Amino acid sequence: MTDPVQPAVPRPCPDAALEATFRHIAQQRMAGVPILNPALSVETVGFRPWDEHWLGVLVTPWFMNLTVLPSDVDKTVWVSGGTVRLTFPSGQYDLLVLEEEDPDDQDLVYYVGPNILALEKRHGFPPEQFRMWVALHEV
């Protein structure tokens, strides 16, 4: 069996910058939010090159997501708030694209966002109540 990870992408791993951005978010925008788990801190785990992207897990006191960091080309075409379809060994996934204010932290992609939206629509869940349930379940 071959390793699905492609050769290294041509830029250094941005996981330290990603951690710094989310530590800032934790201190400035999430402070006092009741869903924060005080036993957790911001941490990037296992980031490695994958198909000209960086792929790894972002852990924060309010979520844990598999995160895809874009290539330079992706940054020119991915749209914040939209989705992007990527193909992994386990299949195709529509991933949510998010942006932060720092230009180096643009276009983060998460697995969970599109799935939550799809479940809300499929079952007619009230979005605010369902998202709170998901947030509490994840903590």
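Good morning. The model is a predicted one, in which local features need pLDDT of at least 70 and side-chain atom pairs count only at pLDDT 80 or more, while totals for chains, interfaces and linings use all residues. Residues are numbered from 1 along each chain as its sequence is written, and side-chain values use heavy atoms, with hydrogens and water left out.

I begin with the overall arrangement. The secondary structure of the protein chain comprises four helices and six strands. Here helices (H or I, at least four residues) and strands (E, at least two) are DSSP runs, numbered from the N terminus. Along the sequence, the pattern reads α-β-β-β-α-β-β-β-α-α.

Of the 139 residues, 39% count as buried. Buried means under 20% relative accessible area, exposed over 50%, and partly exposed in between, with a 1.4 Å probe and protein chains only. The protein chain exposes about 8600 Å², of which carbon and sulfur atoms supply 58%. Accessible areas come from the Shrake-Rupley method with a 1.4 Å probe, and for residues only the protein chains shown count as cover.

I turn to the interior. A nonpolar core is a set of buried Ala, Val, Leu, Ile, Met, Phe, Trp, Tyr and Cys residues joined through side-chain atoms within 4.5 Å. The largest such core has twelve residues: Leu18, Phe22, Ile25, Met30, Ile35, Val42, Phe47, Trp54, Leu58, Trp62, Phe63 and Leu69. The largest share, three residues, comes from α1. Apart from this core lies another, of nine residues, among them Trp50, Leu55, Val68 and Val84.

Leaving aside neighbours within four places in sequence, Met30 is in contact with Ile25, Leu36 and Trp62. Is Val42 buried or exposed? Val42 counts as buried, because its relative accessibility is 7%. With neighbours within four places again left aside, Val42 is in contact with Glu19, Phe22, Arg23, Ala26, Leu58, Val59, Thr60 and Pro61. The C-alpha atoms of Val42 and Ala20, which are 22 residues apart along the chain, are separated by 8.5 Å.

Glu19, one of the contacts of Val42, has its place in helix α1. Glu19 counts as buried, because its relative accessibility is 15%. Which residue does the side chain of Glu19 meet in a polar contact? The partner is the side chain of Arg23, at 2.8 Å. A polar contact is a pair of N or O atoms within 3.5 Å; within protein, one must be able to donate a hydrogen and the other to accept it, and residues adjacent in sequence count only if both atoms are side-chain atoms. Beyond neighbours within four places in sequence, Glu19 is in contact with Val42, Glu43 and Thr44.

Next, the strands. Two strands pair if DSSP finds at least two bridges between them. Strands β1 and β2 run antiparallel and are joined by six bridges, with Arg48 standing opposite Leu55 in β2. These strands form a hairpin with two residues between them, and Asp51 in the turn has a positive phi of about 45°. Six bridges also join β4 (residues 83-88) to β5 (residues 91-98), again antiparallel. Arg85 stands opposite Asp94 in β5, and the hairpin from β4 to β5 passes through two residues.

Finally, the aromatic rings. Rings of Phe, Tyr and Trp (its six-membered ring) pair if their centres lie within 6.5 Å; planes under 30 degrees apart count as stacked, over 60 as edge-to-face and the rest as tilted. The structure holds five aromatic pairs. Phe22 and Phe63 form an edge-to-face pair, at 6.0 Å centre to centre with 80° between the planes. This pair links distant parts of the chain, with Phe22 in helix α1 and Phe63 in the loop between β2 and β3 (64-69), 41 residues apart. Phe22 counts as buried, because its relative accessibility is 5%. Phe88 and Tyr93 also form an edge-to-face pair, at 5.9 Å centre to centre with 65° between the planes. Phe88 counts as buried at 8% relative accessibility, whereas Tyr93, at 27%, counts as partly exposed. Phe22, Trp62 and Phe63 form one aromatic cluster.

Key. Contact means heavy atoms within 4.5 Å.
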